[in-house]
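Me: Hi! Could you walk me through this model with me asking as we go?
Reply: Happy to, let's have a look together.

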Amino acid sequence: MPNSLLSTPARRWATGATVATVVVGAAVAGPLIAGADSDLPDRTAAELLIGLAGLEVQPFAGTVVQSADVGLPDVTGGDATSLPTAMLSLLNGSSTARIWYTDGDTYRVALQSDQAESDLLRDGQDTWFWSSESASASHLVLPEDTEDDAGKGPFGGENPFGGGEGMPEDLPTDIPTAAASLALAMIEPSTQVDVDGTATVAGRSAYELVLRPKDEQSLIGSIRLAVDGETSMPLRVQIVAKDATEPSFEVGFTSISFDEPDASTYEFTPPPGTTVEEIQPGDLEDAKAHPGADVAMGDADVDVIGSGWSSVVLARDVNLDELTAGLEGGAAAMADAFIAELEDVSGPYGTGRALSSDLFTVLLLDDGRLLAGAVPLEVLEEAAQDPAAAL
């Protein structure tokens with residue numbers, strides 16, 4: 001079953017910044033001059049960052065639109081709501097999701113296209129994943145002692161910037177809060193942090209928090225966070241490449257309500273003709289034994305070379321064939337097309353293939369090392385020769 005919870009690589013929601021990291025970033029924050037057309041009170045960047053770090057997500061419902069054009073070849077196709085296609089749309093393309101959230105044990109995410117929909121629902125211990133395209137559904141009753149207790153859920157922790165296991169790990173992370181946590185994790189003295197007035201996002205007044213790397217090697221020019229003026233909820237994240245004026249990546253709410261969703265939102269009955277797969281809790285652990293079931297970074301030996309915006313993530317013992325072994329049909333074809341676009345490279349570090357985009361670069365060496373970062377290829381090639389990158 002291609003859309004089963006067990007048939008796609010597991011993905012963890014982004015690990016966010018700690019309060020200590022936010023406070024360090026706040027030390028370089030400048031004053032705010034609120035927009036003349038806004039009734040929001042003046043706030044410094046430091047105050048906004050501290051508000052983000054202490055955010056307690058309240059019930060809400062909204063529509064999120066994500067769009068990206070990072071300069072990669074377009075190899076997407078087929079079902080726009082399938083997980084492999086949705087994953088690639090995070091890099092090149094767009095997607096729309098409806099989100100309902102009550103608490104860490106009660107939420108629903110619907111990934112939508114013009115002709116199809118895929119839903120992930122959790123209501124207490126009852127969890128469903130449904131695809132209209134394949135007329136299939138996966139059903140799992142979580143054990144009572146599951147660590148996904150209230151306060152976690154799709155935001156990965158008691159606030160969106162902490163770790164956690166609240167949501168099943170297969171769904172693409174289109175929520176602005178998760179993207180915001182990635183940006184905040186980069187805050188340190190190498191970052192210039194300012195507030196650039198205010199904006200209206202999803203009909204709500206928001207502050208525009210701007211992060212700019214001081215590191216000239218970074219491919220990222222700036223990250224803009226639109227922070228709700230009343231709740232501190234991140235409403236939109238935009239990433240702009242260096243020397244660019246338009247975002248290469250954007251995810252944000254187009255509508256949002258902070259009224260608690262009705263309980264009926266989380267009720268689900270498979271439509272007639274749906275093939276239902278009943279998953280036992282133990283099956284989730286068994287799936288990890290599949291050669292293609294784990295993310296490259298999941299079990300590999302991972303190090304970080306350098307620091308700040310030009311840091312390079314290094315993973316050893318990465319096997320591309322194993323990573324794609326579990327893909328089928330259109331997903332396998334997309335993977336093959338994507339791999340065919342990689343550039344052959346060689347140097348004192350060895351031989352391999354590289355993928356370059358406007359925002360990040362990946363270097364996969366034939367000796368099993370994978371290096372990635374928001375830096376040009378030459379920075380990865382230098383890192384591959386660093387003694388810390390030795391096998």
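Me: How many bridges join β16 to β17, and which way do the strands run?
Reply: Strand β16 (residues 343-347) and strand β17 (residues 350-356) run antiparallel and are joined by five bridges. Strands count as paired if DSSP finds at least two bridges between them.

Me: And how many residues does the hairpin between β16 and β17 go through?
Reply: The hairpin from β16 to β17 goes through two residues.

Me: Before we go on, what should I know about the model and the numbering?
Reply: The model is predicted, so local features need pLDDT of at least 70 and side-chain atom pairs count only at pLDDT 80 or more, while totals for chains, interfaces and linings use all residues. Residues are numbered from 1 along each chain as its sequence is written, and side-chain values use heavy atoms, with hydrogens and water left out.

Me: Thanks. How many helices and strands are in the chain?
Reply: The chain has nine helices and 19 strands. Of its 391 residues, 50% count as buried; buried means under 20% relative accessible area, exposed over 50%, and partly exposed in between, with a 1.4 Å probe and protein chains only.

Me: What share of the contacts comes from residues 24 or more positions apart?
Reply: Among contacts with a separation of 6 or more, 58% are between residues 24 or more positions apart. A contact means heavy atoms within 4.5 Å.

Me: On to charges. How many salt bridges does the structure hold?
Reply: Ten salt bridges, each being a side-chain nitrogen of Lys or Arg within 4 Å of a carboxyl oxygen of Asp or Glu. One of them pairs D105 with R122, with the closest N and O atoms 3.2 Å apart. D105 sits in the loop between β3 (92-103) and β4 (106-112) and R122 in strand β5 (residues 117-123), so this pair links distant parts of the chain, 17 residues apart.

Me: Are D105 and R122 buried or exposed?
Reply: Both D105 and R122 are buried.

Me: What about R212, which residue does it meet?
Reply: R212 meets D194 in a salt bridge at 3.5 Å, N to O. Because R212 is in strand β9 (residues 204-213) and D194 in strand β8 (residues 191-201), the pair ties together parts 18 residues apart in sequence. R212 is partly exposed, at 31% relative accessibility.

Me: Which residue does D367 bridge to?
Reply: D367 forms a salt bridge with R369, with 3.0 Å between the closest N and O atoms. D367 is partly exposed at 31% relative accessibility, whereas R369 is buried at 5%. Elsewhere, salt bridges with shared partners join D196, E208, R224 and R236 into one network.

Me: Switching to rings: how many aromatic pairs are there?
Reply: Four aromatic pairs. Rings of Phe, Tyr and Trp (its six-membered ring) pair if their centres lie within 6.5 Å; planes under 30 degrees apart are stacked, over 60 edge-to-face, and the rest tilted. W128 and F268 make a tilted pair, 5.0 Å centre to centre with 55 degrees between the planes.

Me: Where do W128 and F268 lie?
Reply: W128 is in strand β6 (residues 126-131) and F268 in the loop between β12 (249-257) and β13 (275-279), so the pair ties together parts 140 residues apart in sequence. Both W128 and F268 are buried. There is also one aromatic cluster, formed by F60, Y101 and F253.

Me: Which ring does R108 lie over?
Reply: R108 lies over the face of W100, 5.5 Å from the ring centre. The rule is NZ of Lys or CZ of Arg within 6 Å of the ring centre and within 35 degrees of the ring normal. R108 is in strand β4 and counts as buried at 17% relative accessibility.

Me: And which side chain has a polar contact with R108?
Reply: The side chain of D119, at 2.6 Å. A polar contact is a pair of N or O atoms within 3.5 Å; within protein, one must be able to donate a hydrogen and the other to accept it, and residues adjacent in sequence count only if both atoms are side-chain atoms.

Terms used. Helix = DSSP H or I, 4+ residues; strand = E, 2+ residues; numbered from the N terminus.
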